[in-house]
Amino acid sequence: MAKMADGTPLLSASTLRTLADKLYEKRKNAAREVEAVIRGLVAQQDHQRISSLLHLLVHDFALSPQSNHRKGGLIGLAAATMGLGSDAAQHLEKIIPPVLNSFTDQDIRVRYYACEALYNIAKATRGDLVFFFNDIFDALCKLSADSEPSVQQAAHLLDHIVKDIVAQSDQFSIEEFIPLLRERMNVLNPFVRQFLVGWITVLDRETEIDMLGFLPDFLDGLFNMLSDSSHEIRQQADSALEEFLREIKDAPSVDYGKMAEILVQRAAAPDEFTRLTSFSWLNEFVKLSGEQLVPYYADILGALLPAISDNEERIRVVAKETNEELRSVKAEPAEGFDIGAVLVIARRELGSDWEATRLEALRWIALLLERHRTEVVCLVLEVQACIAGDAQHFHRLMVFLVHKFKIEQTLLEKRGTLALRRLCTLLDAERVYRELATIFEGEADLEFATIMVQALNLILLTAPELAEMRSLLKLSLLNPAGGDLFVSLSSSWCHSSIATVSLCLLAQAYQHASAVIQALGESDINVNLLVQVDKLVRLLETPTFAYLRLQLLEPGRYPSLLKTLYGLLMLLPQQSAAFKMLRTRLKTVPSQTFMHMQSSLASSQFPGLSAIRRSASAGGFSQRLSHIPSIQTSSTSEDSDRISDSTNGPLGINFAAQLKQFEYMQHQHHLYQSQNNPPRRTLTPPPAQNGHHPSNISDDMTDSMRRTRADSQVRMPQRTSWRS
């Protein structure tokens, strides 16, 4: 007989013997005596004896190796709980674990009585049972797959009362329950699946429980049940999904992204019903989600395009409708739209065996080009740049790019700058420019070469991606690497005289820049050249040439710079905005070292220049510049390019050879123009039409050019100083 430490018996010997009897009725009678004893102890507030009696029921009965003892222990614990009344909550930690442990007992009757015991405990404790909900749910989940019908029936009754308790409790924690539910959703047993869907449905009905917010955690499991062999389970899962979709349509905020990932995966399921349901959900999501689904468009498209050719007609219809909805959304990269990923999907589906899928893939590519042509071009260039890692492929890429620019003028005009700047970022700007310079140096189409060199020069002077290259060129007269880069570019830059001057100004080779200007002949002064001069003058006011403007503070140290700028000024029509801009800049130059020039600059109209242009017998442009008074420099002049062009410059740059190369290239251009564009009988420009000059210049340079060119009716002879 079990006794207290003082020898007082907890239960009578008869009760203990009857509690382990093989007959249920006798065990039930013994359980009534246990309940009565517990009630008396509660009335006496004898918590010590209550704990001792519970310990006896657990260890001597519920955990006994003898099945009849375990049966008696279960009914005894249930009776003790009822006897404890409102005090049961503080003892549940001792009572519930051994009962749940009996759910996996090998004896069928023990499992059955365990369900009966927990049912009675639940009736007695109600809301307090919620604190053990996860353990109870897990045990019930396993028990729902029991092979014994009587046990399943008992578990079913227990499940009902637990659902009622949870529905009425304000202590239930959905956050603690969801991880367990997510883990159990992968079970394949049909009884367990029914059990899980039942709980999801019950909890979703409770307004105080936000099951929709946790839908991504168990959505995949529900979709997995759609392909179950049991029609009943498929129907239950489908009903639950329909209810959730209805709630999604009415909900103000839903996490579409996570669920879209699940739907895309399930859209590739072998089961037709699962695929159809997935696309139906995706269709609603695209309509409802707005910007939330933008980052997932590529994944969704990857599921839609193959489905457009699905064997099941209903799937094809929904997929086509969803695809149209997706294409109507004008998403931007800033919103998370991954153009590259979408392009990869569309490109992949071009290889589909099904025509409908291939056509839709082509439409997507066309749509990307229409809405995001710039980004698509950049992506293509990135791919090409990856391929062009070695020298051979790099050269092929450059040659191919030049060829595309040559045959597609619109590509050069609209995307040329973007493509070149992107390649400079991906493949190193200096490497790209050196390769292109080599290509254009031998280009047979001199007009195209000129256009390309002018474009490359503008990018060189303005693009942020080429800032390091500009810094290197500024050191051309001091740094061997800079000098080598200058020489490699200058050969092809000779296609454009003003591009050559720009390169010299960037490299601070001012004396060579002045020599290039003086080498221009009368036939070189045309509308296109003046447009390039206009652009250069405006560029001189940008941050790129800030160092040059600061050097004007010391005209004595940089006389060739000043002479170059005055040379550009002399080229411009006096009424043009560029002329006024450059003249205003030159007026700010300190005049202490060349006071004798003030009389020449006093008149804003430069009458000497007009006199030169009216002279029909004048020689080359170098003769015109001779009218500009020489600048008196100090004996300590430190002009960066002060070395004569007839000798090698700093770091061995042979400016004399550079000048001869420039003159030779310009002569080739003259020959090319004479062969491809026969000269007019007269050099008099066509008359103005409706007050507008027919040239391509659209600014105020037009009128000034017309007046200046109309002054001369005689073609001035070419320079005779050139040597082949």
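Glu408 is partly exposed at 31% relative accessibility, where partly exposed is the class between buried, under 20% relative accessible area, and exposed, over 50% (1.4 Å probe, protein chains only). Its salt-bridge partner is Lys404, with 2.7 Å between the closest N and O atoms, and Lys404 is likewise assigned to the partly exposed class, at 23% relative accessibility. A salt bridge here is a side-chain nitrogen of Lys or Arg within 4 Å of a carboxyl oxygen of Asp or Glu.

The model is predicted, so that local features need pLDDT of at least 70 and side-chain atom pairs count only at pLDDT 80 or more, while totals for chains, interfaces and linings use all residues. Residues are numbered from 1 along each chain as its sequence is written, and side-chain values use heavy atoms, with hydrogens and water left out.

**Salt bridges**

Side chains of opposite charge can pair when their charged atoms come close. The structure holds 27 salt bridges, and the table lists some of them.

| Pair | N to O distance |
|---|---|
| Asp138 and Arg184 | 2.3 Å |
| Arg585 and Glu541 | 2.6 Å |
| Lys404 and Glu408 | 2.7 Å |

The salt bridge between Arg585 and Glu541 links distant parts of the chain, 44 residues apart, with Arg585 in helix α30 (residues 577-587) and Glu541 in the loop between α27 (527-539) and α28 (546-551). Both ends are partly exposed, Arg585 at 27% relative accessibility and Glu541 with a relative accessible area of 30%. Helices are DSSP runs (H or I, at least four residues) and strands are likewise DSSP runs (E, at least two), numbered from the N terminus.

The side chains of Asp138 and Arg184 also meet in a salt bridge, and this pair again joins distant parts of the chain, 46 residues apart, from helix α7 (residues 133-143) to helix α9 (residues 174-184). Here the two residues are buried, Asp138 with a relative accessible area of 17% and Arg184 with one of 14%. Asp138 and Arg184 belong to a network of salt bridges that also includes Lys142 and Glu183.

**Cavities**

A search of the whole structure finds 3 cavities of 30 Å³ or more, a cavity being a set of points, on a 1 Å grid over the protein atoms alone, where a 1.4 Å probe fits but cannot get out, with lining residues having an atom within 4 Å of a point. The largest cavity has a volume of about 60 Å³, volume being the space filled by probe spheres set on the points. Helix α18 (residues 355-387) supplies the largest share of its lining, 5 residues. The lining of this cavity includes Tyr297, Phe337, Trp364, Arg371 and His372, and its residues divide into 8 nonpolar, 1 polar and 1 charged; Ala, Val, Leu, Ile, Met, Phe, Trp, Tyr, Cys and Pro count as nonpolar, Asp, Glu, Lys and Arg as charged, and the others, Gly among them, as polar.

The search finds 0 disulfides in the whole structure, a disulfide being a pair of cysteine sulfur atoms within 2.5 Å. The sulfur of Cys494 lies 8.7 Å from the closest cysteine sulfur, that of Cys504, which is too far for a bond. Cys494 is buried at 1% relative accessibility, and Cys141 is buried with a relative accessible area of 2%.

Over residues 95-130 the chain is 69% helix and 0% strand, with the end C-alpha atoms 14 Å apart.

Technical notes:
On a 1 Å grid over the protein atoms alone, a cavity is a set of points where a 1.4 Å probe fits but cannot get out, and a pocket is an open set with protein on both sides within 12 Å along at least five of seven lines; lining residues have an atom within 4 Å of a point.
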